[in-house]
Amino acid sequence: MEQSAAKIEVVAMKAVNKGALRAMVSVRLGGAILHDFKVIKQEGQAAWVAEPSQEYLDKMGAKKYRRTIELNESLKERVTAVVLNAWEKEQEQASDDDIF
């Protein structure tokens, strides 16, 4: 039996300008809301979406990150498309607001 795809929508987005981090995003995935997706945009590169993660120190004291959720490739692609589309619309709107 074929299952219908869970609806994906951005429910909150906070603009951030810290290094390559451009936005923190909360996403509704079916009946769950997942927080702390990150829009990353490095100079000269395309923006991409990082899944929520937690910072920790390894045995040598180096800062590392561990994903707190893992999406399968198909779902990750869908979430990425929705998040980047919403972020790009926010960027366009911010640019339009600067004109007037």
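Predicted model: local features only at pLDDT ≥ 70, side-chain atom pairs only at ≥ 80, totals over all residues.
Taken along the principal axes, the C-alpha atoms fill a box of roughly 50 × 45 × 20 Å.

When contacts between residues at least 6 apart in sequence are considered, 26% of them join residues that are at least 24 apart.

## Order of the elements

The protein chain contains 1 helix and 6 strands, and reading along the sequence gives the pattern β-β-β-β-β-β-α, with the helix following the strands.

An open sheet is built from 4 strands, which are arranged in the order 1-2-3-4 with antiparallel pairing. Its edges are formed by strand 1 (8-18) and strand 4 (48-50), each of which pairs on one side only. On average, and with direction ignored, neighbouring strands of this sheet are turned by 30 degrees against each other.

Strand 3, which covers residues 32-40, runs antiparallel to strand 4 and is joined to strand 4 by 3 bridges. Lys 38 has Ala 50, a residue of strand 4, as its bridge partner.

## Asp 36 in strand 3

Asp 36 lies in strand 3, and its backbone deserves a separate look: the phi angle of Asp 36 is near 75 degrees, which is a positive value in a residue other than glycine. Asp 36 counts as partly exposed because its relative accessibility is 40%, a value that falls between the limits of under 20% for buried and over 50% for exposed.

## Leu 29 in strand 2

Leu 29 belongs to strand 2, which spans residues 21-29. With a relative accessible area of 15%, Leu 29 is buried, since the term applies to residues under 20%.

The surroundings of Leu 29 include residues from several parts of the sequence. Leaving aside neighbours within four places in sequence, Leu 29 is in contact with Ala 6, Lys 7, Ile 8, Leu 34, Leu 71 and Leu 75.

Technical notes. Residues numbered from 1 in each chain as written. Heavy atoms only, no water. Helix = DSSP H or I, 4+ residues; strand = E, 2+ residues; numbered from the N terminus. Contact = heavy atoms within 4.5 Å. Pairing = 2+ DSSP bridges. Axes fitted to C-alpha atoms, helices over the stretch in contact; angles between N-to-C directions. Buried < 20%, exposed > 50% of the residue type's maximum accessible area, 1.4 Å probe, protein only.
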